[in-house]
Amino acid sequence: MGTPKRVVIVGGGFGGVQCARTLRRHLSAEACDIVLFNRENHMVFHPLLPEVAGASLNPDAVAAPLRQMLHGVRCRTETVRSIDLGRQVVEFDAHDGHTGTLSYDHLVIGCGRSVNLGSVPGMSDHAFPLKTVGDAMALRAHVIQQLENAEVCSDAVQRRWYLSFIVVGGGFSGVEVAGEINDLVRHSRRFYPNISSDDISVTLVHSGDHILPELSLDLRTVAEHEMRKAGISIELNARVSAATADGVWLKDDRQFRGATTVCTVGTGVPLLVERLDTPKERGSLLTRPDMRLAGNEHAWAIGDCARIVNAHDGEVCPPTGQFAERQGRQVAENIIRVMSGRVTRPFSYKPLGVFCAIGGRNAVAEILGRRISGFLAWFMWRSVYLFKLPSWSRRVKVGADWAWDLLFSRDLVNLKTDPTERVSRAYYRPGDFVFKQGEPALNFYSVEKGTLDVIRTNDADGSEQLVAVIGPGDFFGEMALIEGRARSASVRARTPVEVTTLGAQVFSRISKALAPLQQRLAEAIRQRTTSPWTRMPHVHAMLSAQPVASFVEPAPYILDGNSTFEQVLDIFATHHADTVYIVDSERIVGVITRTDLFRVVDVVADRPVSERSSVSIRSLMSPDPLVMTMEDTAAAAALSMWSRGLKSLPVVTSEGGRLIGCIRAETVMQAVLRRVARPEGFPEPASVPARASLTSV
Ligand SMILES: Cc1cc2nc3c(=O)[nH]c(=O)nc-3n(C[C@H](O)[C@H](O)[C@H](O)COP(=O)(O)OP(=O)(O)OC[C@H]3O[C@@H](n4cnc5c(N)ncnc54)[C@H](O)[C@@H]3O)c2cc1C
């Protein structure tokens, strides 16, 4: 007998597991060596993740250990990093940090899809995803904690806020998780006497006309009716454009407020697939009818990462566990056919039906063309999934959990698996408050993108004063944290803003351990407490009464984003320029200062002139610079320039952010001096000579 053929399977999900099982069932170890790579040592039964989030199932019931399920298969938890289709080799991150390699006779790629919430601003910062067991556990712990918070909260508005949940996406997982959260929160009320039914809101936000687009219209309508009856609000034709700590914003500028957002839409292409040099469509691997990769004899693709046409109806297969499992079985049969010199068969499958649990022991289903809803559908849904679970041990566990769920109330234990504070990111829309004056200090913030206003409110008359404008590279929130007092000012986003947030304990640990950060903090605190206005209150009053519009001048040197390095060099070499503005479609996207240029000039000077054009000016510039609007006060502009040591700031329109010109520290200073010399003559900015603009926009 010759050496066994090796089949390498990447991905231990629905597709990969079924493929490994079928191969092992038909081929002996002497005939075939089966190696399965899966990052986790278990397979996740995704359809039941909403039940874990809703505390009707325990997490271990939906994770089946691959090693115990797949006898005779070599299971490895290393991540496959790349595939060389020509040499028939996979490369993986070995346990010791090195790169391991393994050759194959046949390769099956079944690595699914990754979560990508990044296409909606703020979604990855503020929403819970639902893809892993960890995601489901984190969501469940959070929902239970919100119940605990609401129970002890005496303020009715805040209590309702704790219990406001938004689920984005009206597909199967969105509907199921909305139903589960609603059941968990409403059915647990008897253990939380201070919570009333009116305190709870669960909102399902969906972009289409009806939820569950995979089902027939009458079943969708039934599902919507039943869910509304159970207390869930359903918002249709609602396309989400941003998520913040306050909830979600829609494309039409409506907002749904909620303390908790769960996002069940947004998938991405796994890095492994992205790196693979083979034809793809929208990131999915293109396959031939027998599931072989286009143009390859030994590599096959199945499941969510592949684009497979179903020979049964000529349609592209949907990304479901049901299809992935069937593809896994049929791809194994095709590999066996190739090994024994037989002809392969195209993928063909007639789906038996679909189920969706909608909460309250209710489900909707279409089975073999028949439509069912209500308790019977729910009972069938549970029975089918019990049968479909990948091992007997899981069937028993899930069965026991469900029996418990029928007899007793849901388990409200909140095991704190992640009590430590983390560094996280947050997104704010224009007008959102990061924090308000008087609130307790909980976090430290560092600005990555966008501009924020620091505002102080006069307690006596409620009037607001803009005390500073901050932008990328700035940080804030440190003083109240260090001094252990409430916030002395509010911080509000002026443009879309992204910040990195450090909790108080992490901030304290990092700032103690990092000497340079300590110095920067001390310097910032010194600057903030020794604001120039404390010594010059009359100048402050004078500049506070003047808008930036009174001082605006033509912008300095302007280039568009596609300009070359040579053009920037030329401006600084031949003009007394200190800053060049980079503009795209009339909006400022970055600034380049002399210092920025000196940073790279050494490196670039050695290159032939012909190669210099390859240096992108976008890589030189400081992106998203701090900007002022015409309506801001000259005092805010002066303070921003003073605290950053800047000579000028760009001025833009408040609507649309179109570049108008700039405000210069020198001009403001001259006006102040003129006022001192001739008090009645202030200001006279019109006498400032306009600077010539080099514009290639
Ligand atoms: C919340 C939720 C509910 C769902 N409900 C249903 C439902 O009711 N019915 C239904 O039919 N479908 C449902 N689905 C969809 C279903 O889960 C997927 O279609 C199915 O899991 C796809 O199977 P797969 O084998 O392609 O990939 P997956 O099951 O995603 O498995 C891929 C595996 O590959 C591993 N992997 C990825 N890259 C690498 C690498 N480079 N190296 C090593 N390992 C790697 C991953 O860790 C993962 O374990 C649901 C999905 C979710 C998220």
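Start by selecting helix α10, which gives the most to the shell around the ligand, with 3 residues. Helices here are DSSP runs of H or I with at least four residues, numbered from the N terminus. Before you go on, note that this is a predicted model, in which local features need pLDDT of at least 70, side-chain atom pairs count only at pLDDT 80 or more, and totals for chains, interfaces and linings use all residues. Residues are numbered from 1 along each chain as its sequence is written, and side-chain values use heavy atoms, with hydrogens and water left out.

Now select the whole shell. It has 29 residues, and Asn38, Glu40, Val80, Asp304 and Gly321 come nearest to the ligand; a residue is near if one of its heavy atoms lies within 4 Å. Colour the shell by type and you will find 10 nonpolar, 14 polar and 5 charged residues, with Gly counted as polar.

Zoom in on the backbone. A backbone N or O atom of Gly15 lies 2.9 Å from an oxygen atom of the ligand. For Pro319 the corresponding distance to a ligand oxygen atom is 3.1 Å, and for Thr320 it is 3.4 Å. Taken alone the ligand exposes 1,000 Å², of which the protein buries 89% (Shrake-Rupley areas, 1.4 Å probe).

Finally, move to Trp404 in helix α12 (residues 392-407). Trp404 is partly exposed, at 47% relative accessible area, since that term covers values between buried (under 20%) and exposed (over 50%), with a 1.4 Å probe and protein chains only.

Definitions and conventions. Helix = DSSP H or I, 4+ residues; strand = E, 2+ residues; numbered from the N terminus. Polar contact = N/O pair within 3.5 Å; in protein donor to acceptor, adjacent residues only side chain to side chain.
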